[in-house]
Amino acid sequence: MDALCEIAAEIDSLIDHGVTRAEMRDMLALYKGAKLAGLV
């Protein structure tokens, strides 16, 4: 059941945002780093 929930979460992320959850985490980390550095 856990595997199905993981797959469903990945599909939801792709539908909602066009990226996987891992890609979304990476993008948010980059954005937070840029914000802390005053670049954004």
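**A first look around**

Reply: Happy to. This is a predicted model, and buried residues make up 8% of the 40 residues in the chain.

Me: How many helices and strands are there?

Reply: The chain has two helices and zero strands. Helix 1 covers residues 2-17, and helix 2 covers residues 21-36.

Me: And what box do the C-alpha atoms fill?

Reply: Taken along the principal axes, that box is roughly 45 × 20 × 10 Å.

Me: Let's zoom in. Where is cysteine 5?

Reply: Cysteine 5 sits in helix 1.

Me: Why does cysteine 5 count as partly exposed?

Reply: Because its relative accessible area is 43%, and partly exposed runs between the 20% limit for buried and the 50% limit for exposed.

Me: What separates cysteine 5 from leucine 30?

Reply: They are 25 residues apart along the chain, and their C-alpha atoms are separated by 27 Å.

Me: Now tyrosine 31, which helix is that in?

Reply: Tyrosine 31 belongs to helix 2. This tyrosine is partly exposed, with a relative accessible area of 41%. Its C-alpha atom is separated by 15 Å from that of valine 19, twelve residues apart along the chain.

Me: Switching topic: how many positive and negative side chains are there?

Reply: There are 4 positive and 7 negative ones, and the centres of the two sets lie 11 Å apart.

Note on methods:
Residues numbered from 1 in each chain as written. Predicted model: local features only at pLDDT ≥ 70, side-chain atom pairs only at ≥ 80, totals over all residues. Heavy atoms only, no water. Helix = DSSP H or I, 4+ residues; strand = E, 2+ residues; numbered from the N terminus. Buried < 20%, exposed > 50% of the residue type's maximum accessible area, 1.4 Å probe, protein only. Lys, Arg positive; Asp, Glu negative; His and termini not counted. Charge placed at Lys NZ, Arg CZ, Asp CG, Glu CD.
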